[in-house]
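Visitor: Could you take me through this chain step by step, giving the cut-offs behind each term as we go?

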Amino acid sequence: EAQRKRYLPGVLTGERIGGFGLTEPEAGSDVASLRTTARRDGSDWVLDGEKTLISNVPIAEHYVVFANADPSKGRKGISAFVVDRGAPGLSLEPIPMSIPHPIGRLWLAGCRVPADALLGEVGAGFRLAMETLDAFRISVGAAANGMAQTALAASIEHVSRRAQFGAPLSDQQIVKAYLAEMATELDAARLLVARAAHLRDTTGARVSTEAAMAKMYATEAAQRI
């Protein structure tokens with residue numbers, strides 16, 4: 001509850017940006033193989049490791065960092081910690097992108113955080129990561145649908161304006177077929193994303209399968225569109 005009071009008001013108003021520190025150079029989808037460690041030192045936790053491709057690194061006020069507090073237990077030792085920007089032993093490195101997206105690396109070298117930085121319980125990090133990824137995958141699918149909608153609209157505008165052989169491209173049967181396929185794929189992707197979001201919002205159950213299907217289909221369909 002104390003963590004909620006400290007962080008959530010600013011997060012909900014957008015005044016405070018957070019980061020999700022999970023991905024590592026050798027651990028992406030395979031969360032269980034992450035190498036960042038956490039050890040107790042008196043009343044503090046000390047984190048060591050590297051995170052990469054972390055959204056919001058340059059602008060976030062805090063990061064939820066996943067580290068293994070007991071590597072001998074594998075994924076059952078993974079725990080989550082709220083690490084404030086400026087914590088001793090934490091350094092940041094932006095990663096240049098071809099688009100305006102704030103992303104970067106986190107370096108944790110003896111990064112010291114207080115005991116109350118632990119999010120949930122020791123060993124609960126894997127479950128927290130998976131539940132969060134369910135939501136992220138749905139939002140990625142929704143973003144892909146937005147890109148696909150923009151691409152479809154641009155396509156319709158182009159073929160309606162450009163003429164070949166004395167008629168707009170939109171009059172050609174093959175072009176109509178392309179547009180029909182694009183529109184159908186976009187609708188299918190929207191339905192998959194909407195289903196996953198609806199189930200997550202209304203049932204409270206895990207939606208890992210539905211979220212993964214929505215993300216996979218929507219992103220692939222967006223590329224095709």
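Visitor: How much of the protein chain is buried?
Guide: This is a predicted model, in which local features need pLDDT of at least 70 and side-chain atom pairs count only at pLDDT 80 or more, while totals for chains, interfaces and linings use all residues. Residues are numbered from 1 along each chain as its sequence is written, and side-chain values use heavy atoms, with hydrogens and water left out. Buried means under 20% relative accessible area, exposed over 50%, and partly exposed in between, with a 1.4 Å probe and protein chains only. Of the 225 residues in the protein chain, the buried share is 34%.

Visitor: What radius of gyration does the protein chain have, beside that of a compact globule?
Guide: The radius is taken over C-alpha atoms, and the globule rule is 2.2 Å times the number of residues to the power 0.38. Along its principal axes the C-alpha trace spans about 80 × 40 × 35 Å. For a compact globule of 225 residues the radius would be near 17 Å, whereas the protein chain has 22 Å.

Visitor: Which residue in β7 is the bridge partner of Leu47?
Guide: Two strands pair if DSSP finds at least two bridges between them. Strand β2 (residues 37-41) runs antiparallel to β3 and is joined to it by five bridges; these two strands form a hairpin with two residues between them, and Gly42 in the turn has a positive phi of about 70 degrees. β3 is also joined by nine bridges to strand β7 (residues 103-114), again in an antiparallel arrangement. In β7, the partner of Leu47 is Cys111.

Visitor: How far apart in space are Ala211 and Gly141?
Guide: Ala211 lies in helix α4 (residues 208-224) and is buried, with a relative accessible area of 0%. Leaving aside neighbours within four places in sequence, Ala211 is in contact (heavy atoms within 4.5 Å) with Asp134, Arg137, Ile138 and Ala196. Ala211 and Gly141 are 70 residues apart in sequence, yet their C-alpha to C-alpha distance is 8.3 Å.

Visitor: What separates the C-alpha atoms of Glu93 and Pro58?
Guide: Glu93 is found in strand β6 (residues 90-94) and counts as partly exposed, at 33% relative accessibility. Not counting residues up to four places away in sequence, Glu93 touches Val57, Gly104, Arg105 and Trp107. Glu93 and Pro58 are 35 residues apart along the chain, and their C-alpha atoms are separated by 7.6 Å.

Notes. Helix = DSSP H or I, 4+ residues; strand = E, 2+ residues; numbered from the N terminus.
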